[in-house]
Amino acid sequence: MRIFKANRFLAVAALLSVFALTGCGGGSTEPSRYYTISAESISTSGASSDTRVHVKKFTIDPAYQRTNIVYRESPYDFMFYNRDLWATRPEQILTQVASEYLIKSNMFKSVDLKPMGKPDFELLGNVDAIEEIDEGDSQEAHLAVQLTFRKAGEETPLWEKRYDERQSMNKRDAHSAAEALSKLYAKYMQDALENIAKVK
């Protein structure tokens, strides 16, 4: 009987410790915050056509294949926020925003993430890095993306370019990172649309 009581006491003590550590015993926890990349205002001058373009889901380096926003304090660090998260995985966000830019350009009859019928063209993307860089007193957003525009069903691109730049941030937090990354992506898409207009 004493052994049973001792074991039961230890089990209750362990359970109470879990509640205390996780804040389930009445304490409050900070809620998660969610962020996205926005489609900024950019200028477009491409002529409209009756062609259709399929924006294929972007691929991404496996290290960034997460909803946590990544930050680095040196070339050797790779960390991420626990409660500051992307609304969906970053490759999905960048795919969606790319389609929004293509729609705003009015260069195509339709822009599809899931094409109805065979499209004329395809836009592909690969994300090599999407992160916040904190080195000393400097805070920057870093976005490395390769974009490829080609005829549907063909491997040879009509146009392809890799972008890899940094954008200064107002302060060190996930909101500023999302804002700076949006500006970088707008710059990339502005250049991409100007080049696509020449080859489509």
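Analyst: The expected span of a helix is 1.5 Å times one less than its number of residues. The model is predicted, so local features need pLDDT of at least 70 and side-chain atom pairs count only at pLDDT 80 or more, while totals for chains, interfaces and linings use all residues. Residues are numbered from 1 along each chain as its sequence is written, and side-chain values use heavy atoms, with hydrogens and water left out.

First, its setting. The protein has three helices and nine strands; helices (H or I, at least four residues) and strands (E, at least two) are DSSP runs, numbered from the N terminus. Read from the N terminus, the order of elements is α-β-β-β-β-β-α-β-β-β-β-α.

Helix α2 contains 16 residues. From first C-alpha to last, α2 reaches 23 Å, close to the 22 Å expected at 1.5 Å a residue. Just after α2 comes N106, with a positive phi of about 60 degrees.

Next, burial. Of the 200 residues of the protein, 39% count as buried (under 20% relative accessible area, with exposed over 50% and partly exposed in between; 1.4 Å probe, protein chains only). In α2 the buried residues are P90, E91, I93, L94, T95, V97, A98, S99, Y101, L102 and S105.

Helix α2 also packs against another helix. Two packed helices are described by the angle between their axes and the distance between the axes.

On the α2 side, the contact (heavy atoms within 4.5 Å) is made by L94, V97, A98, Y101, L102 and S105. On the α3 side, S182, Y185, A186, M189 and L193 take part. These residues divide into nine nonpolar, two polar and no charged (Ala, Val, Leu, Ile, Met, Phe, Trp, Tyr, Cys and Pro are nonpolar; Asp, Glu, Lys and Arg charged; the others, Gly among them, polar).

Last, the whole chain: among contacts between residues at least 6 apart in sequence, 71% join residues at least 24 apart.
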